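Welcome! Here are some exercises to work through with the model open beside you, each followed by a worked solution.

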Amino acid sequence: MTGDLADGRPKTFVFDLDGVVYVDHMGVPGAGETLAFLERSGHQVLFATNNSSRAVDAVVEKIRTRTGFAARPEAVITSGLAAADLLRGDDETCLVLGSPGLEQTLESAGIAVTADHAHATTLVVGLDRGLSYERLAGAVLAVRRGARFIATNDDATYPTPDGQYPGCGALVAAVERATGATPIVCGKPHGPMRTLIERKIEHPDVWMVGDRPETDLALAARAGWGKILALTGVAGVADDLEPELQPDLRLTSIADLQTIVSAINTRSGR
């Protein structure tokens with residue numbers, strides 16, 4: 001459960017990545033310095049991303065190259081990991097409509113991956129920048145033959161410097177429309193992702209920092225965590241949000257968090 005951001009006690013900060021720490025190939029100015037400052041101040045820093053296109057090591061490297069911050073692999077939770085955790089031990093053979101990084105994540109968890117839709121017992125959908133009609137058709141055929149339908153996330157878009165690109169949710173919607181099937185969704189704000197995050201939490205006072213109210217802030221609301229909205233991604237200053245999605249704090253960027261926490265540390269003598 002969340003407490004008071006200003007009470008000076010150690011917190012767990014859970015950061016979304018796309019639109020918060022970086023936007024596509026560009027780091028958010030000051031993000032790396034803020035993350036390092038929080039760790040030096042005794043706070044726990046975790047990263048929880050709905051983007052399943054990279055394996056954890058590649059996510060760690062992207063954080064480092066975009067911001068200069070050396071994230072620990074065990075601090076990174078992806079929706080691909082949430083899907084792998086859901087499937088672990090089920091003896092499934094998965095067709096992946098997604099990236100090689102998602103396939104790597106599943107295979108590293110001991111989950112069999114196939115390119116043949118006729119042999120698939122489960123379809124796992126992630127963001128697929130190599131999407132083709134043939135790959136989409138294979139995914140649809142697998143589900144229509146009875147394969148379980150799992151979505152790493154259902155984000156309709158993801159932020160880039162050029163604007164909002166189609167996200168995993170756009171692909172999921174195509175499979176839904178063609179099959180009539182409803183997927184199990186693993187990413188924020190759904191249960192599989194929350195379970196993985198909760199296993200990592202060290203401090204009871206938890207704050208979610210995200211740019212997407214319907215995923216990041218919705219997860220925080222369901223878990224009873226503090227809600228911090230960063231305006232560097234998909235959300236706008238004037239967005240009309242439902243009461244439960246209203247943030248406790250709005251930031252122009254996460255760089256502002258260093259100033260806020262530094263002032264709290266000064267007042268509390270830390």
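This is a predicted model, in which local features need pLDDT of at least 70, side-chain atom pairs count only at pLDDT 80 or more, and totals for chains, interfaces and linings use all residues. Residues are numbered from 1 along each chain as its sequence is written, and side-chain values use heavy atoms, with hydrogens and water left out.

**Exercise 1. Find how many cavities of 30 Å³ or more the structure holds, and say what lines the largest cavity.**

Step 1. The structure holds 2 such cavities. A cavity is a set of points, on a 1 Å grid over the protein atoms alone, where a 1.4 Å probe fits but cannot get out.

Step 2. The largest cavity has a volume of about 190 Å³, volume being the space filled by probe spheres set on the points, which are joined across faces, edges and corners.

Step 3. Its lining consists of 18 residues, where lining means having an atom within 4 Å of a point. Asn50, Asn51, Asp155, Thr157 and Tyr158 lie nearest the centre of the largest cavity.

Step 4. Strand 10 (157–160) and helix 8 (213–223) are the elements that give two or more residues to this lining. Strand 10 gives the most, with 3 residues. Helices (H or I, at least four residues) and strands (E, at least two) are DSSP runs, numbered from the N terminus.

**Exercise 2. Work out the strand order of the open sheet with 6 strands, and name its edge strands.**

Step 1. The order is 5-4-1-13-14-15, with parallel pairing. Two strands pair if DSSP finds at least two bridges between them.

Step 2. At the edges are strand 5 (76–78) and strand 15 (249–251), each pairing on one side only. From one strand to the next, the twist averages 20 degrees. Such angles run from 0 to 180 degrees between N-to-C directions, with axes being lines fitted to C-alpha atoms, for helices over the stretch in contact.

Step 3. Now follow the pairing of strand 1 (residues 12–15) with strand 4 (residues 44–49), which is parallel and has 4 bridges. Phe15 stands opposite Phe47 in strand 4. Helix 2 (residues 56–67) packs on the sheet and touches strand 4 and strand 5, its direction making about 120 degrees with that of strand 5.

**Exercise 3. Decide whether the faces of strand 4 are covered or open.**

Step 1. In a regular strand the side chains alternate between the two faces of the sheet.

Step 2. Buried means under 20% relative accessible area, exposed over 50%, and partly exposed in between (1.4 Å probe, protein chains only).

**Exercise 4. Locate Glu92 and explain why Glu92 counts as buried or exposed.**

Step 1. Glu92 sits in the loop between helix 3 (79–87) and strand 6 (93–97).

Step 2. Glu92 counts as buried because its relative accessibility is 16%.

Step 3. The side chains of Glu92 and Arg148 are joined by a polar contact of 3.2 Å. A polar contact is a pair of N or O atoms within 3.5 Å; within protein, one must be able to donate a hydrogen and the other to accept it, and residues adjacent in sequence count only if both atoms are side-chain atoms.

Step 4. Beyond its neighbours within four places in sequence, Glu92 is in contact (heavy atoms within 4.5 Å) with residues including Leu87, Ile111 and Thr122.

Conventions. On a 1 Å grid over the protein atoms alone, a cavity is a set of points where a 1.4 Å probe fits but cannot get out, and a pocket is an open set with protein on both sides within 12 Å along at least five of seven lines; lining residues have an atom within 4 Å of a point.
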